[in-house]
Amino acid sequence: MTMITLIFFFFAFQFPLLIESFSIHIFASKKVPFQSDVKWKQQEVVVRHQTTLRAKNPSSSTEWNFESDSLEKFSKDIKYVLHELRGSAVDPTIPKLFRNEKRLSYANTWTLEDWEKHYSRKRYIRYILNFPKSRLLQRIAPQMMVLTIWAFCSVWIEDKLLKRRTIPLTALGIVSSFVAFLLTMRSNMGLSRLDEGRKAWNKVVLQSREMAHLISAFIYPHDKQLALMLGRHVACFGWLLKSQLRFVSEEDIADIVNAMLPNKKQSQYILQHRQKPIAVVMRIRQVIHHLGRRGILTTAEEMALDHTAHNLNDVIASTGRIRASPIPVLYTSHTTRLLTFYLCFLPPALHWSGLDVMVTMLVTWAVGFAMLGLDELSHLCEQPFRLMPMYQISKRSMMAVADAFTCRPPPIVDGEDEDDEKHIDHKVLTSYWNKNDTLKLSDDTIE
């Protein structure tokens, strides 16, 4: 009886375990998937379906809601901006003294003739004869007039009222050493800022052209509408950055944006943005993400495009830093005060040393022209974007972006890239070129 009871309890406890083991074996033999496996397979089917749709219809212009574009339209808009809206050879936003195209100026892009004229030994005669028309003399004319009046008054006061009092030139010579040192240091800082600004602005042409080449090579073969839309944005980048650095109002740049971006949503997005060049970079990265998610761009292509977009951002940051941070104001004010003190006591010191009135006036005028001119030059170089040829370089940058699309190289394999507009004459696509661009030796290709 005891043996039967033990066997009964054994089977009573082991029976549920045997049933569970048997059910697991049955389900495993039928390979019933888990819930996570079912979801993964559903997602895989959706991805395969999306990939099939992309292969059948790679164009995404309907998703972005913009009208159909073409290389011919793109070329005509570039020509309209370069020859109509900005057809003048002189930048209207620079100071009036530097708007003369015929005179040698840092505000213009130089040709071979300009360099030969600049190196000519006749420059000494030319500069002496043109001294009354000197742009520097015109800028410091108010200071020179005040200095001349003060020199005459100080000599008169000395002769009439202060006959026995003298100012030694030795003490004033010590002050002149400090003034010359401060002016030299300030001029060096101004020239370094000018060189830094020129290098930063040179990157606008480089990075814009690089971005246009990448868009033409990676995106245009797959989606021409998106590629041309990005090309229009990149073509506006130089103009937008120029307007930001020169504090130009929105009305002065709206004509270019509206001409290059006919779609109102795109143009309004650029014009209403606080930093308009940043809006161009954001649009580029938005398209990169969109195409990468659709599988059109490879990882290497995405990295190349994003790296160039980062370089455009770096150009905006570097140029903005130069514009927003001048030479320390305390240094400038100290130099100005010491220069004023020295020029104020120079005429009486010269006259009390034994020079007559005319010689005193001439020496004072010559010293004042040298020191005040050097001080004015340092102020001009301190803000480099006022004098740099940003106008001409922006035009060359836009032309370089257009060339990336209108002058694409032929396909490596015949029939590999069939363009719908291959029947259009190359002269029509490059109608925005000027006469110098079609010469064998062009002096106007500075990019």
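User: Why is K242 called buried?

Analyst: In this predicted model, K242 has a relative accessible area of 7%. Buried means under 20%, and K242 therefore counts as buried.

User: Where is K242 placed, and which residues does K242 touch beyond those up to four places away in sequence?

Analyst: K242 is in helix 10. Leaving out residues up to four places away in sequence, K242 touches D91, T93, W201, M390, Y391 and S394. The C-alpha atom of K242 is also separated by 9.9 Å from that of T319, 77 residues apart along the chain.

User: What makes the approach of the K242 side chain to the T93 side chain a polar contact?

Analyst: The distance between these side chains is 3.4 Å, and a polar contact requires a pair of N or O atoms within 3.5 Å. The pair of K242 and T93 is accordingly listed as a polar contact.

User: Why are helix 9 and helix 10 called roughly antiparallel?

Analyst: Helix 9 and helix 10 pack at an angle of about 170 degrees, and their axes are 9 Å apart. Angles over 145 degrees count as roughly antiparallel, so helix 9 is roughly antiparallel to helix 10. On the helix 9 side the contact includes W201, V204 and S208, and on the helix 10 side it includes G238, L241 and K242. By class, the residues of this contact are eleven nonpolar, two polar and one charged.

User: What makes D223 buried, and where does D223 lie?

Analyst: D223 lies in the loop between helix 9 (169–219) and helix 10 (224–245). Its relative accessible area is 2%; the limit for buried is under 20%, so D223 qualifies as buried. The side chain of D223 reaches the backbone nitrogen of L226 at 3.2 Å.

User: How do you know that helix 4 and helix 11 are roughly antiparallel?

Analyst: Helix 4 (residues 71–85) and helix 11 (residues 251–260) pack at an angle of about 160 degrees, with axes 9 Å apart. The criterion is an angle over 145 degrees, and the two helices are therefore roughly antiparallel to each other. The crossing of helix 4 with helix 11 is right-handed.

User: Which residues of helix 4 and helix 11 meet?

Analyst: F74, D77, I78, Y80, V81 and L85 of helix 4 meet D255, I256, A259 and M260 of helix 11. This contact has eight nonpolar, no polar and two charged residues.

Notes
Residues are numbered from 1 along each chain as its sequence is written. This is a predicted model: local features need pLDDT of at least 70, side-chain atom pairs count only at pLDDT 80 or more; totals for chains, interfaces and linings use all residues. Side-chain values use heavy atoms; hydrogens and water are left out. Axes are lines fitted to C-alpha atoms, for helices over the stretch in contact, and angles run from 0 to 180 degrees between N-to-C directions. Angles under 35 degrees count as roughly parallel, over 145 as roughly antiparallel, 65 to 115 as roughly perpendicular and the rest as oblique. A crossing is left-handed if the near helix is turned anticlockwise from the far one by less than a right angle, and right-handed if clockwise. Contact means heavy atoms within 4.5 Å. Ala, Val, Leu, Ile, Met, Phe, Trp, Tyr, Cys and Pro count as nonpolar, Asp, Glu, Lys and Arg as charged, and the others, Gly among them, as polar. Buried means under 20% relative accessible area, exposed over 50%, partly exposed in between (1.4 Å probe, protein chains only). A polar contact is a pair of N or O atoms within 3.5 Å; within protein, one must be able to donate a hydrogen and the other to accept it, and residues adjacent in sequence count only if both atoms are side-chain atoms.
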